[in-house]
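Thanks for passing this one along. Here are my notes, written to be read with the structure open beside you.

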Amino acid sequence: MSLDENNNETENVNQAEEPKQTETNTAADSAAAAKNAAGNIVANLLALKESNPKVFFGGVGAVALVLAVLIFGGGSDVKLPVHQAKAMVPGQSYVLKSPNTYDPNATVRLVSVPGSMAAYDDTEENDRDGACKHMPLNTPVKLIQSQSDSTDKNVVWAEVEITESGECQGRKAWTSAINLQ
């Protein structure tokens, strides 16, 4: 291979690389332009500080105030909805509803002693068939008395008398007050 051929190959390689250098130069030019713009802003701010310090420091204070409001202003504390217990009136008529079910065939558990619901175990079949222990939803009842739970002041127990005609009419039992609507 002669010296001229070698030079031609070098020129061809350089020509192929030349567009890449143009792209690199464009990126370098935009980086330099951004650097110059930032330098111009800083130079203008320093000139403003020298020529009119009240405006300069007023602007700095305003920016600091806006940042402080954004940082420390925060949002309001979102309060979670809390169940508002309605006043239970002895002698008032209610119906049994379970707020935790959408099943129309569900029943409301009635117990003989307030607070015994925590020990409730539904594994025995005869417990389901017990007389007047599981009443269907919308059974009419009359409130006899209410009592706060001794361990949890947010739980209220209600003694009810079943007013629906049938074998359970006149029976008294306890249920959680949230089951009364």
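**Notes on the predicted model**

1. Let's start with a side-chain pair: the side chain of R109 makes a polar contact with the side chain of H134, at 3.4 Å. Here a polar contact is a pair of N or O atoms within 3.5 Å; within protein, one must be able to donate a hydrogen and the other to accept it, and residues adjacent in sequence count only if both atoms are side-chain atoms. R109 sits in strand β2, residues 107-109. Is R109 buried or exposed? R109 counts as buried because its relative accessibility is 16%; buried means under 20% relative accessible area, exposed over 50%, and partly exposed in between, with a 1.4 Å probe and protein chains only.

2. A word on the ground rules. This is a predicted model, in which local features need pLDDT of at least 70 and side-chain atom pairs count only at pLDDT 80 or more, while totals for chains, interfaces and linings use all residues. Residues are numbered from 1 along each chain as its sequence is written, and side-chain values use heavy atoms, with hydrogens and water left out.

3. Now the overall layout. The protein has three helices and six strands, and along the sequence they follow the pattern α-α-β-β-α-β-β-β-β. Helices (H or I, at least four residues) and strands (E, at least two) are DSSP runs, numbered from the N terminus.

4. The sheet is worth a look on screen. Four strands form an open sheet in the order β1-β4-β5-β6, with antiparallel pairing; two strands pair if DSSP finds at least two bridges between them. Its edge strands, β1 (93-95) and β6 (172-176), each pair on one side only. On average, neighbouring strands of this sheet are turned by 50° against each other, direction ignored.

5. Follow β5 (residues 156-162) next. Seven bridges join this strand to β4 (residues 140-148), and the two run antiparallel; within β5, V156 stands opposite S148. Five bridges join β5 to β6, also antiparallel, and W157 stands opposite S176 in β6. How many of the seven residues of β5 are buried? Five of them are, so β5 is mostly covered.

6. Finally, the whole-chain numbers. Buried residues make up 17% of the 181 residues. The accessible surface comes to about 13,500 Å², of which 55% belongs to carbon and sulfur atoms, using the Shrake-Rupley method with a 1.4 Å probe. Among contacts (heavy atoms within 4.5 Å) between residues at least 6 apart in sequence, 54% join residues at least 24 apart.

Technical notes. Axes are lines fitted to C-alpha atoms, for helices over the stretch in contact, and angles run from 0 to 180 degrees between N-to-C directions.
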